[in-house]
Amino acid sequence: MSLQEELQGLPPAKLAVESVSKWFRTSRQSVHALDNISLEIAEGEFVCLVGPSGCGKSTLLDIIAGLEVPDEGRVMADNEPVLNPGRHRLVMFQEAALFPWLDVIGNVMFGLKLKPGLRNKERLEVAKFFIQLVGLEKFSHAHVHELSGGMKQRVALARALAPNPRVLLMDEPFAALDALTREQLYSDIQRIWQKRRKTILFVTHNVREAVCLADRVILFSRNPGQIREQFEIPLPRPRDINSIELAEHAGEITRALKGYVTGEVAE
Amino acid sequence: MRRFLLATLFFVVLIAIWHFLVKAGVYSPVLLPSPQSVGEYLVGAARDGTLFQATGVTVRRLLVGYFIGIMIGLPLGLFTSASKFVEDTIGVLALGLQTLPSVCWIPLALLWFGQTESAMLFVVVMGTVWSVVIATDTGVRNIPPIFARAAKTMGSTGLHKWTKVILPASLPFLVSGMKQGWAFAWRSLMAAEIYVTILTGFGLGHLLHYGRELNAMEQVIGVMLVIITIGLLTDKILFSPVERFLHNRWGTGLR
């Protein structure tokens, strides 16, 4: 694999979730986290999973990542069943989960070093490219604790993009950031996604965030975790989180979400 | 510089208090010799070489015992953290033996090995190994699980996971464990040298012991000062730079 190919990016993958169910059993209780979830995500599609906390959306993301095993059903990535975590499906967590013993470039290199077929010089080149893409070239050799929360998530994004995955799984990656930093990251992620198409599955409980980023928003409800409704978001990009059209879409989805949450209480 | 001066001043004042206590004649000079006489003993012992020889013997024993202790303790600690079976067996054994003061090994060591270097080494290794096992085990267990998850998604498994994630992630604990191991090794060795009289090497503990036998209080205090100084120096030279590095990287520690 040549450096040029690495920097161009691989074609994004298609994901298919086929009748996935998951229970969490402890000695005291059994929680039905996911109930018969089926879902298709097209190549290069940006999909947001939205739902109240505890609705199993993060669990579904973990299953697609290969970090959790479903009790029933399976996940197919490009017609291959997902059995383990793999380089083609990288994950960004709510915490940046950067390694404090490595500097910024060391963190971005971590996944690259596990990728065969590249020379170290090329890996360094790739890492630098992605650090530049997230705008942190001045901080290549900074220690992790010296970075702000937003910068840490940028490094985490660069680290997830660098090994050239075909799917990016994001588990509330901006939830712990302040509003201003978040807005900056929304425009960054849109810019990067347009430049380097990946299939992205993005979990959040923030409806506006979902509408700002996604092609399609999937609404979850809990007990058990189920898909309730799907919304196409036809707005042109780049989108501004403060725009009125976006707010209208978000309003519609929020109303639907509230319906399911209050309905659930009444049941 | 200011900090250095203040620290120096502190110790000068300490010695001055000692000096005046002796001058005032509150305690018998046999029990509390003056700083001068302790100084004279140290200079004399340094001149005729006994002090350096004893220090050399002691430090060599310490290093060998400590090194063996780490080589055994570190992998054992990794095993106890990785396997429930090893945790329930070796882990429990380590926990039990760690609570045993290392002096308690001396009677056994004397009977098994006689008055030999092996007895000495055995006591030091036993003093070191268990605390290193437990520190390593604690270190691995305290790694935030998110690190393991992140590493896993990037394809880090097996040996790569252990060497590139688990070991570096537990480094802060490992270093404090090694430091504790060092302190235990030092204590065990001193106990062993005081109790085990052997002819193959005359260490600081022996000097201390014979100081008592000869009622030479200036020797007792002088050797104690040397032991304290060695402890201080190893901390400052061996462990402080590593700890500074870790604080720097992890962003821990105040200031």
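Let's start with one pair of residues: A:V50 sits opposite A:L219, which belongs to β9(A). Bear in mind that this is a predicted model.

- Strand β3 (residues 46–50) of chain A pairs with strand β9 (residues 216–221) of chain A in the parallel sense, with four bridges between them.
- Both belong to an open sheet of six strands in chain A, and reading across gives the order β6-β7-β8-β3-β9-β10, with mixed pairing.
- The edges are taken by β6 (89–92) and β10 (226–232) of chain A; each has a single partner strand, so one side of each has no neighbour in the sheet.
- Going from one strand to the next, the twist averages 20 degrees.

**A helix across the sheet**

- Helix α5 (residues 149–161) of chain A lies across β6 and β7 (167–171) of that chain.
- Relative to β6(A), helix α5 runs at about 175 degrees.

**Two helices in chain B**

- Helix α9 (residues 171–195) and helix α10 (residues 204–213) of chain B pack at about 50 degrees, and their axes are 7 Å apart.
- That angle makes α9(B) oblique to α10(B), and their crossing is right-handed.
- On the α9(B) side, the contact uses B:W186, B:M190, B:E193 and B:I194, which meet B:L204, B:G205, B:H206, B:L208 and B:H209 of α10(B).

Definitions and conventions
Residues are numbered from 1 along each chain as its sequence is written. Chains are lettered from A and ligands numbered from 1 in the order in which they are written. This is a predicted model: local features need pLDDT of at least 70, side-chain atom pairs count only at pLDDT 80 or more; totals for chains, interfaces and linings use all residues. Side-chain values use heavy atoms; hydrogens and water are left out. Two strands pair if DSSP finds at least two bridges between them. Axes are lines fitted to C-alpha atoms, for helices over the stretch in contact, and angles run from 0 to 180 degrees between N-to-C directions. Contact means heavy atoms within 4.5 Å. Angles under 35 degrees count as roughly parallel, over 145 as roughly antiparallel, 65 to 115 as roughly perpendicular and the rest as oblique. A crossing is left-handed if the near helix is turned anticlockwise from the far one by less than a right angle, and right-handed if clockwise.
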